Amino acid sequence: MKFNLEGLTVYFPYEYIYPEQYRYMLELKRALDARGHCLLEMPTGTGKTITLLSLITSYQLAHKEVGKLIYCTRTVPEMEKVLAELAELIDYRAKYLGRGPGSNEILALGLSSRKNLCIHPRVAEEGSRESVDAGCRRLTASWVRERAAERGARGGEGGAEEGGSGGSVADIELCDFFEGHERAGVEALLPPGVYTLSDLRDFGRKRGWCPYFLARHMMAFANVVVYNYQYMIDPKVSQMVSRELEKECVVVFDEAHNIDNVCIEALSVNLRKQTLEAAGRNLGKLSNSIRRAREADAARLQGEYNRLVAGLVAQGALRGGEDWLANPALPEDVVQETVPGNIRRAEHFMGFLNRFLAFLREKMASPVVTSQTPQVFLQELQERVQVDAKTLKFCYDRLSSLLKTLEITNTDEFTPIQLVADFATLVGTYAKGFAIIMEPYDERLPQVPDPVLQLSCLDASLAMKPVFSKFQSVVITSGTLSPIDLYPRILNFNPVAIQSFQMTLTRDCLCPVVVTRGADQMPMSTKFEMRGDPGVMRNYGRLLVELSAVVPDGIVAFFVSYRYMDQIISKWHDMGILQEIMQHKLIFIETQDVVETTLALDNFRRACDSGRGAVFLSVARGKVAEGIDFDRHYGRAVVMFGVPYQYTLSRILRARLEYLRETFQIKENDYLAFDAVRQAAQCVGRVIRSKADYGMMIFADKRYQRHDKRDKLPQWITRHLKEAHMNLSTDMMVHVAREFLRAMAQPYDRGAVGKSLLSEAALAALDATGGLDGAIASGA
Amino acid sequence: MSAVERKDEFELDGDDDDIDENELRRQEEAYQRQYENEQTWDQLQEDEFGNLFVDKTAEQRARRKRLLSAAQSARIRKGMIRYLLLVVDMSRAAKAQDLRPNRLACILGLCRSFIREFFDQNPLSQLGIAVMRGGLVEKLTDLSGSPEAQVARLDAAKLGAPAGDVSLQNALDLSVSVLRSLPPYGHRELLVVFAALATCDPGNVLDSVRACKENNIRVSVVGVAAEVYVCRRITEDTRGSYGVALNEAHLEQLLMAHTTPPPATAAQAKAELVRMGFPQRSTEEASSAVFVGLEARLLSGSYTCPRCKSRVPELPCECHICGLTLISSPHLARSYHHLFPVPSFHEDSKERASEAAAVLRGQPAMRDEVPTSTGLYCFGCLREVSQPGAAGQLHLTLRCGQCKQVFCFECDAYVHEQLHNCPGCEFGGT
C-alpha cells in the first residue's frame, strides 16, 4: 500500500501494516527529519527489516539530499534476506513509479569479502578468506600487471592477439575478470536493480567483470548498500571501503544488541606465543627479501626511502588499486605526520621490529598475570629497548609500505607480523581506553602454560565515534536492546529518539514464567554458592524431565557456561536424569566445535520433524544463542538455567568494568546485570520468530524474581509476564505449561489478525485525525 | 578461584530477603486464582424471584454455532459409506491424570459413545479398533458394522494397563494394510486418539504418510495434550482434521465431530453404482428357528440374503457367503439426512416474533394451547420458553424459519442432531 506519513509518501509492499510498524516508521522519520541518531527496539517477528527499508527508501525518494542507505548486518545470510525483502519492495514500488530511466530506480547491492564474491575458477576454490585475498592479489597487484604489460609489449610485435585477449601473458598469470573490469573502466556499470551476492557473481560471469571490484566501484552510485558490521566499524576495513561515503548517508545497524562487543573486538589484538614465533620468521623472510632487493634493484628501496622522506605516504601516493593494508587506528587519530627518521630505511625498520618483538617475547615469558595501561607499557618499552610511542604509531603504515615495495603478494603468510604491527600502532596511538593484559595460562587450566598478550579495547565508543560523527543519521535497532538507556552511555552518543515498541498480538502466544524452586520447595539458582549443590542440580534436572513430558517437539535449554553445562550433564547422567529425559525426547548438545554443533542441530531438527521430539542443550553467548532460530515446532519451550553473567574473574572484564565506572559512571553491578539479562532475553527470544508462533519462556533462577533483573527484560517480554507466573515451583510450572500449550493448540483464528492490522483506509483516516495513539488504542 | 573471592567482588545477587513479602503473597494468590480455582458456585446466578440458576446461554450459543457450520457444509458432497479405523493411544502418556479420572478411562468412555453415535449416524459404514502400546499396534477388532461387539472390547479392565511408547508409523501402516483392499467407493479413514507427545518409530513416519496418501486414507488426530508437529503435518497431508482437547467436554466435542461424514475427495467424486441387497426378515416364531450366520447360531428371526438365500442375524452387514452388502431401507434413509439437513433455526427476536404471529394467526389452532406465564411454549415439548430478550433468560428461544414455530434449545438440538425433521413443518404440511 501507499500511504501518507506526516507528509511523506511511504511505499509499503503489503496490504496491511502492523500498528507497531507504523509507529516505528513515525519515530524513524522524525529522527531522519531531525538529522540525528536513533535507538529503536522492536521484537523479532514484526517485520522490522521491511519497515526500515520501506521508510528509508521512501524518504530517499522524497528528499533527494539524503544519501545512501548503508545497511549493516552481522552475517551473510542476513544480508541476503535484507536484499530479498528489498527486491520485493522495489517490485512493488515499480507499480507506482514505473520502470526504465527517469523513474527513480534504485541500485542496491550487497558487498562482502572476495571469498564470497570471487568467480576466478582457481582462486574461488581457496578455503579461507585470507588465502582468497592473497590469491587475488597475486593476480591483480599493480606490479604484477605492469610486469605483464611490459612482457606483453615486448612480445607485442610477435603476438598481438595474446595481449588482446587480456588474459595471461606469457608466464605471468592475470585474472581475466579483473582485466575485463579494468578495460571497461568507468564504463563498467551495473544497471539499476537489487543485487544479492549471487546476482553479482552471475552478472560478473556474464560480462566477464570481476564482481568484487565491480561492487566496490558501484558503491559510489548505489542507493542502498548492504554489508557487514566490520566494513563500517573496523577501522582497517572501513578506511578502505567506507571512506568515500558522503555525510548524508543513513547508516542502519540491524540486530545491534551486541554492538558494543563488536566495537571492542574491532580494536582489540590478541598475541599468542605462536603468533610471535611466526612473526619472528616473517621478519627473517623480510630481511632476506630486502637484501635480495638491494642487490637486484637498489633503486626501488631508495625510491621508497625518498618517498617517505618527502612524507608522501600520508597523502596516499602509495595507494594503488589494491589498498589492502589500512591503519588499524581510527582516521582522525592518525596524525598527519611523516614517518619518523629512525624507521625510514628498511633495514632500520627491521631492526626496530626485532627489538619490539624481543620485548614482547620477554613480557610473555613472565609467569605472573600483569595488567597495564598503555602509558605504563610505553614507559617500560622506552626504558628497556628505547622504542618510543611516536615510532610505534607508524609501525603499521611503515610495514604496509615495505610489503608493497618488496612486491609481496602472498600476504596471508605475513598475517602474524601484521598483527604485531597492529598491536604496536594501537598502543602507540591510544593512551586511554585500552589495557594490556598478559596471562601466562588459562585461568581454568593453570597447569598448562598458554601465554596470551592481550591489547584489549575497553571503550566501545571509540570505534563508534567516527561513525556517529561522520554520518548524519545512524539507526541502531534490534529485538532486544533493553535496558535501552544504557546504550547511549556505553556508546557515548546523543540519540534524538529512543523507543521500545511492543508487539500487538491477537492471542497471548508468549508465556514467560519464572521458576524459583523445585517441587521440593528448595530454591533454584546458579549463584556461585549454590550451583554445585547436588540438590539444585537435581531440581534443574527434574525441571527438564517434567518439561519434556508436557512440551511437544523441540525444547531448547541454555546454560550459563560450557563449564557449568559439562558439570551438570555429567551429574545428571549419574542421577539417571538423562535417561529419564530420553524416554520422552532425544538429547543434543552444543559443543565448541562448529561442525559438531551443526550436525547436532541438523539431527535435532530431524527429530522434531519426525515427531520424536528433542532437547537441545546449549550455552548462552554461544553460537547457537546468537544466530540460530528455534521457531515453530523447533522450540515450543526454552529454558534459561540461571543468570548468564560474564565470567567475572576475567581480567579483561575487570579492566573494562573499572573503565566504565571511571569514564561513564556506570556501576559494575549495573553493567553486569544489564549484560546478563540481555543475553538471557536474547536466548529466550529465539523461540518467537513470528506472530503465528508460540512458545514458553522459562527463567529458571530465583534471582529473576527480583526487580533489578526482571525490569531489565525487554518490554515485549515483561508485558506477558503475569503476576501469577513470577514465583513458580516446578510442579506449578508444569501445570501452567499444560494449560498454555492446550490453549495455543486451538485453531488460530486468522481472521482475528485483522484486528491488529491497519489497512490503507485506516491509515488515511489516522493521518486525517492526526491522533495515532488514540486511534490505535480505540482500535485495539 | 574461591567462593570468598567471588562473593566479595561484586554484590551481584544482592540480598535474598529483600523481596517484599506482600509481593510474594500477591503472586501466590494470582496463581491460585488462575489455576487452582474450580469454584463452580461462581456460575450460579439469582433471578428477581430469588431462584438460583446457571446461565447456560453462552454455552448453548457455542453449540448452535457448531450446528450452524455443520449445516452450511450440507451442500458439499459427502462420503456415505465410511470405513474407519479407530486407534486408541495406550502408551505411558495415557496414564496421566489431567483428565479425570485418568486419560485412558476418559478416552475409552468417550470412544464407546463415539462408536454408538458413529453407527447411528452412518448405518452403512464399518469400523474397526486398534490400540497403540509399547511401540506396537494391536488390532482389537476387524472392520464390521455392529456397534455392540466393538463397544464390548473397549473395556479398561480387559485391555490392561497402558505402557511404553507410541508409534504413529505402525498405526499408519496398519491402516494401510487394513483399508487398502476395500472397495474404492468407500471412504477410508483413520482416527487416532493421541495422548502422547512423541512418536517412536521404526523408520521414517513420513514414508508411511505418503503410503496413506496414495491409498486415499484420510488420517485425523484428536490430541489430548498439546499440538504435535508431526500430527499436524500428517493430517494436513491427508486432508484430515486435527484438534487438541482443552478438557473432557471439549474432547467429546472433537470426537463427536468425526461422526458426521467428511466431504468426499476428488478421487471419490465420480458417481458409481454400488450393488446392495435389501433382505427380507423371516418371522420371529420360535418354531421357525434356523441356524444363522457364520457361527451358525440357532436363532428365530433372521434376514435372508436376496442373492444367495443365506441367513444373517442382523443388519447392516455383509453377506458372509456372497459378500453382498445387506441393508434395510431405514438405514439408507437415515444416511440421507446428511444430504438434506433441516434448515437451522434462528434465535428469536421481537421482529421475528411479530412476523411469525401474523403468519400463524391464519392457521387453525393445532391443539389446545398450554397456559404459560410468558405465553410462549415450545412446539416440540410444550414447555414454557422465555420471551426473546427478556431479562434473566434461562435458555435460548429459537424459531424455525419455515413454519415459524418456537422451539426450546433442547428440542432444537434434538431436531437437528437426531430427528432430522422439523415437527412444525411436518405437521403444518408446509
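**Exercise 1. Determine how many residue pairs are in polar contact across the interface of domain 1 and domain 3 of chain A in this predicted model, and describe the side that domain 1 contributes.**

*Solution.*

Step 1. The rule finds nine residue pairs in polar contact across this interface, with both residues of each pair at pLDDT 80 or more.

Step 2. Two helices of chain A, H13 (259-266) and H21 (486-491), each supply at least two residues of the domain 1 side that touches domain 3. H21(A) gives the most to that side, with four residues.

Step 3. Sorted by class, the domain 1 side has seven nonpolar, eleven polar and five charged residues.

Step 4. Three salt bridges are counted between domain 1 and domain 3 of chain A. In a salt bridge between A:Arg678 and A:Asp260, the closest N and O atoms are 3.2 Å apart.

**Exercise 2. State the extent of the contact between domain 1 and domain 3 of chain A, in residues and in buried area.**

*Solution.*

Step 1. Locate the parts: domain 1 of chain A comprises 2-119 + 188-265 + 464-500, and domain 3 comprises 510-745. Their centres, taken over C-alpha atoms, are separated by 33 Å.

Step 2. Count the residues: 23 of domain 1 of chain A are in contact with 22 of domain 3 of chain A.

Step 3. Give the area: about 2,000 Å² is buried between the two domains, and carbon and sulfur atoms give 52% of this. A:Thr480, A:Arg489 and A:Ile490 supply 23% of the area that domain 1 buries against domain 3, more than any other three residues.

**Exercise 3. Characterise the interface of chain A and chain B by its contacts, buried area and salt bridges.**

*Solution.*

Step 1. Contact involves 54 residues of chain A and 47 residues of chain B.

Step 2. The two chains bury about 4,400 Å² between them, with 52% of it on carbon and sulfur atoms. Within chain A, the residues that lose the most area to chain B are A:Phe528, A:Arg706 and A:Arg742, which together make up 16% of what that side buries.

Step 3. Four salt bridges are found across the interface of chain A and chain B. One salt bridge joins B:Arg26 to A:Glu723, where the closest N and O atoms lie 2.9 Å apart.

Step 4. Eleven residue pairs are in polar contact across the interface of chain A and chain B, both residues being at pLDDT 80 or more. Helices of chain A that each supply at least two residues of the side touching chain B include H22 (534-550), H28 (668-684) and H31 (730-745). H31(A) provides the largest share of that side, ten residues.

Step 5. By class, the chain A side has 21 nonpolar, 13 polar and 20 charged residues.

How values were computed: Residues numbered from 1 in each chain as written. Chains lettered and ligands numbered in written order. Predicted model: local features only at pLDDT ≥ 70, side-chain atom pairs only at ≥ 80, totals over all residues. Heavy atoms only, no water. Domains from an automatic or database assignment. Contact = heavy atoms within 4.5 Å. Buried area = accessible area lost by both parts, 1.4 Å probe. Salt bridge = Lys/Arg side-chain N within 4 Å of Asp/Glu carboxyl O. Polar contact = N/O pair within 3.5 Å; in protein donor to acceptor, adjacent residues only side chain to side chain. Nonpolar A, V, L, I, M, F, W, Y, C, P; charged D, E, K, R; others polar.
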